[in-house]
Amino acid sequence: MKSINLITMTPCCRILIPCRSNSFLGLPFKKNNNSFCTNSSNLRGCDFYNYPPHILDPGRILNRTRTLLGPNSSLGQSRVFSSHCNNGIINPRGYHVIASVASNFRNYSTSVENTRVNDKNFERIYVQGGLNNVKPLVVEKVNLDEHNVNNNNEKGESVKEEESQAVKEAWKLLENAVVTYCGSPIGTLAANDPNDKLPLNYDQVFIRDFMPSALAFLLKGEKDIVRNFLLHTLQLQSWEKTVDCYSPGQGLMPASFKVRTVPLDDNKYEEVLDPDFGESAIGRVAPVDSGLWWIILLRAYGRITGDYGLQERVDVQTGIKLIINLCLSDGFDMFPSLLVTDGSCMIDRRMGIHGHPLEIQALFYSALRCSREMLSLDEGSKNLVNAINNRLSALSFHIREYYWVDMKKINEIYRYKTEEYSTEATNKFNIYPEQIPHWLMDWIPEEGGYLIGNLQPAHMDFRFFTLGNLWSIVSSLGTPKQNEAILNMVEAKWDDLVGLMPLKICYPALESEEWRIITGSDPKNTPWSYHNGGSWPTLLWQFTLACIKMNRIDLAKKAVDLAEKRLRVDQWPEYYDTRYGKFTGKQARLYQTWTIAGFLTSKMLLENPEMASLLFWEEDYDLLEICVCALKKSGRKKCSRGAAKSQILV
């Protein structure tokens, strides 16, 4: 197991939080005199602080070393946590809270109040290919250790020696990438290349990057590292990290964190968690997707391990609310999709994805569904659940209707009229037909389609972004027919989207003058490299999950076989370059952890496809029924949605 090199002294653990004052988010601190940690003279840490008693639920029993907000407390409040350890062992008192009465939120059937659904086209988008074509999901009980069983009795000796060696090496490398904090595993390094003399931030634990690692460990039956990761990253939420004296909103999760060792007096050392909210990142962009991935991982942890008690903890419930409340904050935007800046997700450099990128919308939709499933139902969360239901309804319609393109839709756009003013307009976003790129007209197959990368007034980004499309399948953001069509298109355009190494992060690449203008002449995002059309093996596990859901395991196996032949030989690189992924990326880190973990997760999902059913979502029948009922019962006039085609196709 990989650990931080420490001098063998008694460590004390705390979170490194540079503070400008002795208050946190407007709440006065009261220091506990029983702190086991001594502040270093050159570090300003916030240790063992308690909130004034008036902001806590009077009837809730809290652990003395951890102060929490009850579920009925204001969502505007945040929490301060601290943990301590002795001789490398974390004091268990820092991890437990006497729980309140268990909620029945997993059995909760949602409803929408004042649903803004008023036209037949809305019904068509939801019903088409939905209720009549989707079979109820039956989840069988799965033994978490089944993947350890040798399947040679069923498969014979078909597994090649080279392939088994790749799996063995991958597990060894993944275990070597594990980072410990106070003697316990807490995450994995982004990359662990022993020959890399300038790791930059690749020696940190990223929330986004840890997702495939967490799934690999969970599928293997090792849950402690994932539990520790979820709790410790929750402790880092909403700290006052700033850029130019400006603080981001409450609920923001860090992009990454690093375990640092700081000297104390008397030859003692302590470990601190130093988070990065974007103030140190290239471009200084806050990670919008970190909190969304955290919620998705929390759900996956509960469904795979059966440990739903973690979701029910007061601090975890409050953390979910803070993230969702931040995402649902009112603003100037008119669309249900989430407005973000460039570089706020996996594509974390300037690539022209500012606005409403598909990747963020798919993750946002997934996080909303996860939150509705995990939030305990009480007076403090009722309004939030209603807001989640309303946003799910609007976001699903918006993406399915306006982001979808196939031959029929492109031909419709090709004949658009422009400058339409009224709620009855067909071309709602004033898209000019000249925006349709020439490559798309020849590239789009007769059968199949996909969700475009972005949509804004007078702008459609027709590039194919793999993560957003795959996660739309996984989360059922797209209709069943759309999900099937996406995989049909991947199969039809296999050479372009998969080539010699799965999978292209986007297609096609920006080239020539377009590359210079949109990327700012980024030397790392040159055509067919890195984010600009590079091939990313970490997308393999999400492709596998989507294929299993849609009963296209043949496609997943084909992609995994391609990767297995090369990854070990090429030393598990971060990404590949060229149009078909022929060469290792010119600046790709080797022994990239999420490449390794994505490969392992894909292998385990293919060996136990039943486990995949715990990680994806089927159509939400309650939401479909609510939308249809609201449509039929509403007496309101047609809103802006009503200008689309009114024909209902069931």
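**Aromatic pairs, a sheet and salt bridges**

User: How many aromatic pairs does the structure hold?

Analyst: There are 20 aromatic pairs in the structure. Keep in mind that this is a predicted model.

User: Take tryptophan 439 and tryptophan 443. How are their rings placed?

Analyst: Their ring centres are 5.6 Å apart and the planes make an angle of 65 degrees, so the pair is edge-to-face. Planes over 60 degrees apart count as edge-to-face.

User: Is tryptophan 443 buried or exposed?

Analyst: Tryptophan 443 is buried, at 5% relative accessibility. Tryptophan 439 has 28% and counts as partly exposed.

User: How are the rings of tryptophan 443 and tyrosine 450 placed?

Analyst: That pair is edge-to-face, because the planes stand at 75 degrees, with the ring centres 6.2 Å apart. Tryptophan 443 and tyrosine 450 are both buried.

User: Which residues form one aromatic cluster with Trp439, Trp443 and Tyr450?

Analyst: Phe464, Tyr507 and Trp528 belong to that cluster along with those three.

User: OK, sheets now. What is the order of strands in the open sheet of four?

Analyst: The order is β13-β14-β15-β16, and the pairing is antiparallel.

User: Which strands stand at the edges?

Analyst: β13 (404-406) and β16 (506-507). Each has a single partner strand, so one side of each has no neighbour in the sheet.

User: How many bridges are there between β13 and β14?

Analyst: Three bridges, in the antiparallel sense, with β14 spanning residues 449-456. Tryptophan 404 stands opposite leucine 451 of β14.

User: Which helix packs on the sheet?

Analyst: Helix α11, residues 407-414, which touches β13 and β15 (459-465). The directions of α11 and β13 make about 100 degrees.

User: New topic. How many salt bridges does the count come to?

Analyst: The count is 20 salt bridges. One of them joins the side chains of aspartate 274 and arginine 260, at 2.8 Å from N to O.

User: Where do aspartate 274 and arginine 260 lie?

Analyst: Aspartate 274 is in strand β12 (residues 269-276) and arginine 260 is in strand β11 (residues 256-263). The pair therefore ties together parts that are 14 residues apart in sequence. Aspartate 274 is buried, with a relative accessible area of 15%, while arginine 260 is partly exposed at 35%.

User: How many bridges join β11 to β12?

Analyst: Eight bridges join these antiparallel strands. Threonine 261, for instance, has glutamate 271 in β12 as its bridge partner. The two strands form a hairpin with five residues between them. In the turn, aspartate 266 has a positive phi of about 60 degrees.

User: Why is β12 largely enclosed by the rest of the structure?

Analyst: Because seven of its eight residues are buried.

User: Back to salt bridges. Which residue forms one with arginine 349?

Analyst: Aspartate 522 does, and the closest N and O atoms are 2.9 Å apart. Arginine 349 is in the loop between α8 (314-327) and α9 (358-374), and aspartate 522 is in the loop between α16 (512-519) and α17 (540-549), so the pair ties together parts 173 residues apart in sequence. Both residues, arginine 349 and aspartate 522, are buried.

User: What about arginine 400 and glutamate 619: how do their side chains meet?

Analyst: They meet in a salt bridge, at 3.1 Å from N to O. Distant parts of the chain are linked here, with the two residues 219 apart. Arginine 400 is in helix α10 (residues 382-402), and glutamate 619 is in the loop between α20 (609-612) and α21 (621-633).

User: Is arginine 400 buried or exposed?

Analyst: Arginine 400 is buried, with a relative accessible area of 2%. Glutamate 619 is buried too, at 8%.

User: Last one. Which residues are linked in a network of salt bridges?

Analyst: Glu175, Lys220 and Glu222 are linked in such a network.

Technical notes:
Residues are numbered from 1 along each chain as its sequence is written. This is a predicted model: local features need pLDDT of at least 70, side-chain atom pairs count only at pLDDT 80 or more; totals for chains, interfaces and linings use all residues. Side-chain values use heavy atoms; hydrogens and water are left out. Rings of Phe, Tyr and Trp (its six-membered ring) pair if their centres lie within 6.5 Å; planes under 30 degrees apart count as stacked, over 60 as edge-to-face and the rest as tilted. Buried means under 20% relative accessible area, exposed over 50%, partly exposed in between (1.4 Å probe, protein chains only). Two strands pair if DSSP finds at least two bridges between them. Contact means heavy atoms within 4.5 Å. Axes are lines fitted to C-alpha atoms, for helices over the stretch in contact, and angles run from 0 to 180 degrees between N-to-C directions. A salt bridge is a side-chain nitrogen of Lys or Arg within 4 Å of a carboxyl oxygen of Asp or Glu.
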